[in-house]
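Here are my notes on this model, point by point. Please read them with the coordinates open.

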Amino acid sequence: MTGNRTDWYTHDRFGMFIHWGLYSMGARHEWMRSREFMTNEQYDKYRKHFDPDRYDPELWADLAAEAGMKYMVVTAKHHEGFCLWDSSLTDYKATNSPAGRDLLRPMLDAFRARDIRAGLYYSLLDWHHPDYTVDVKHPERNDKRFVEDSKSRDFSKYVDYLHGQTRELLSDYGDIDLLFYDFSIAAEAGFAGKGKEEWQSEKLVKLIRGLRPDILLNDRLQLPGDITTPEQYQPREWIKVNGQRVVWEACHTFSGSWGYYRDEESWKSVDMLVQMLIDTVSKGGNLLLNVGPTGRGEFDERAIDRLKGIGGWMKRHKRSIYGCSAAPESFQCPVDCRFTYNEEAGRLYLHIFNWPFKHIHLQGFSGQVEYAQLLHDASEIRMIQGEQEMTMEAGAFNEGRHAGTLTLELPVKKPNVTVPVIELFLKGK
Ligand code: GLC
């Protein structure tokens, strides 16, 4: 490693997001409390009935490992305020539900045991805490009495809680590699926003760096952070901030909601998800793909199906993902394809999203490639290089070729893998 704290992260490229909390039982989006304007009392039925009797973190970690995921980020606390760990700073936690135990620790242990790095998501919003003041996202924002009462809340006590819980998580839960805070709120509809002043972000970052200097931080504390985190969106190109390429991570759901959503039907296919992973790496980013386990503590069978599908592809193609990034801009990518590039190995990976008939022409590549093969089975892909005149003999049309073109000769039948990849060994590397 060359000394950047993001090195492991930009190498590993692929992580699992886990959104698990009381909202998993409502099974209709983790924002349900806000969308349905529920009070603490109304929402408390979920805490009273939260009994994840099928929870097996070893199984979760196996599924992540099989899918090729190298890090995980779990909602220690989401906007609802419920804590998966046994926090000494609140009673609103898993130990005070029928779950009756710390759910976080065994999860982190299980993932770490499979060499998957551990990250925590922590919600800055907190709809349960007695000192958290009303804002435009709060479930009780429309209740005039609540809004009035909120004026007498002492937000600084909430900030102490947020900083205190951060300290607790970073002190008592082993090596935490990444923290994902969520999120800063813009002023809207007569409500003030909440941002770096309100969260006391700078002080918080100092605390974090004091405890774990190399931890990676996202960008939602209204401070830049190590990682820029677009959500449910594939950027057009490598993300730039102030004109500079940054370390970035796209986070995505399988079906639109982060929390378990029983009736959602917009599940992405394995093909689409694999293409999204490739597309992300081809633009120099990471993919954090979310699973929303059920209230009983299991992964949805639809999620298992997708994870296994991705794993099937990753098993033979991870070489085009780990340690890879965007290819130099001088390599012109053919239509319906994506390049990833492993600079150290001197290999370029051509991912073919739409299998063409017989030929792919790589402009400007002639003389640059030493050897080419399909990645999944190491079968040679023969290359044609060099200039050829256009000819039209006995009805056989030959359109000719530029000197710089390198043509790959493909089998007519698309290989039986989700996205075929051609591995190009560059000369002189
Ligand atoms: C958002 C949502 C949230 C989700 C998160 C993931 O900001 O509020 O529910 O946890 O993004 O990035």
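This is a predicted model: local features need pLDDT of at least 70, side-chain atom pairs count only at pLDDT 80 or more; totals for chains, interfaces and linings use all residues.

1. Please read every value below as computed from it.

2. The five-stranded sheet. The strand order is β10-β11-β19-β13-β14, in an open sheet with antiparallel pairing. β10 (337-342) and β14 (379-380) are the edge strands, each pairing on one side only. Helix α11 (residues 270-282) packs on this sheet and touches β10 and β11. The direction of α11 makes about 55° with that of β10.

3. How many bridges join β11 to β19? There are five, between residues 347-352 of β11 and residues 421-426 of β19, and the two strands run antiparallel.

4. Pairing around β18. Strand β18 (residues 406-409) is joined to β12 (residues 359-362) by four antiparallel bridges. Four bridges also join β18 to β15 (residues 382-385), again antiparallel.

5. Helices α5 and α6. Two packed helices are described by the angle and the distance between their axes. For α5 (residues 57-67) and α6 (residues 104-112), the axes come within 8 Å and cross at roughly 40°. The crossing is right-handed. From α5, the contact takes in Pro 57, Glu 58, Trp 60, Ala 61 and Ala 64. From α6, Pro 106, Met 107, Ala 110 and Phe 111 take part. These contact residues divide into eight nonpolar, no polar and one charged.

6. The buried side of α5. Which residues of α5 are buried? They are Pro 57, Trp 60, Ala 61, Leu 63, Ala 64 and Ala 67. These residues lie on the same side of α5, because they cover an arc of only 160° around the axis. An α-helix has 3.6 residues a turn, so residues three or four places apart point the same way. The cover over the buried residues of α5 includes β1 (14-18), α6 and α12 (301-317). Just after α5, Gly 68 takes a positive phi of about 95°.

7. Leu 216. This residue lies in strand β5 (residues 216-217). Is Leu 216 buried or exposed? Its relative accessibility is 0%, so Leu 216 counts as buried. Leu 216 and Leu 178 are 38 residues apart along the chain, yet their C-alpha atoms are separated by 4.5 Å. Beyond its sequence neighbours, Leu 216 touches residues including Arg 5, Trp 8, Tyr 9, Leu 178, Leu 179 and Ile 227. Asp 177 and Asp 226 are also among its contacts.

8. Backbone points to inspect. Most residues other than glycine have a negative phi, and most peptide bonds are trans.
   - The peptide bond from Asp 182 to Phe 183 is cis, with omega near -5°. Phe 183 sits in the loop between β4 (178-182) and α9 (196-199).
   - Phe 37 has a positive phi, near 55°. It is found in the loop between α3 (32-35) and α4 (40-49). With 41% relative accessibility, Phe 37 counts as partly exposed.
   - Lys 358 has a positive phi, near 65°. It belongs to the loop between β11 and β12. Its relative accessible area is 37%, so Lys 358 is partly exposed.

How values were computed:
Residues are numbered from 1 along each chain as its sequence is written. Side-chain values use heavy atoms; hydrogens and water are left out. Two strands pair if DSSP finds at least two bridges between them. Contact means heavy atoms within 4.5 Å. Axes are lines fitted to C-alpha atoms, for helices over the stretch in contact, and angles run from 0 to 180 degrees between N-to-C directions. A crossing is left-handed if the near helix is turned anticlockwise from the far one by less than a right angle, and right-handed if clockwise. Ala, Val, Leu, Ile, Met, Phe, Trp, Tyr, Cys and Pro count as nonpolar, Asp, Glu, Lys and Arg as charged, and the others, Gly among them, as polar. Buried means under 20% relative accessible area, exposed over 50%, partly exposed in between (1.4 Å probe, protein chains only). The arc is that of the directions from the helix axis to the C-beta atoms.
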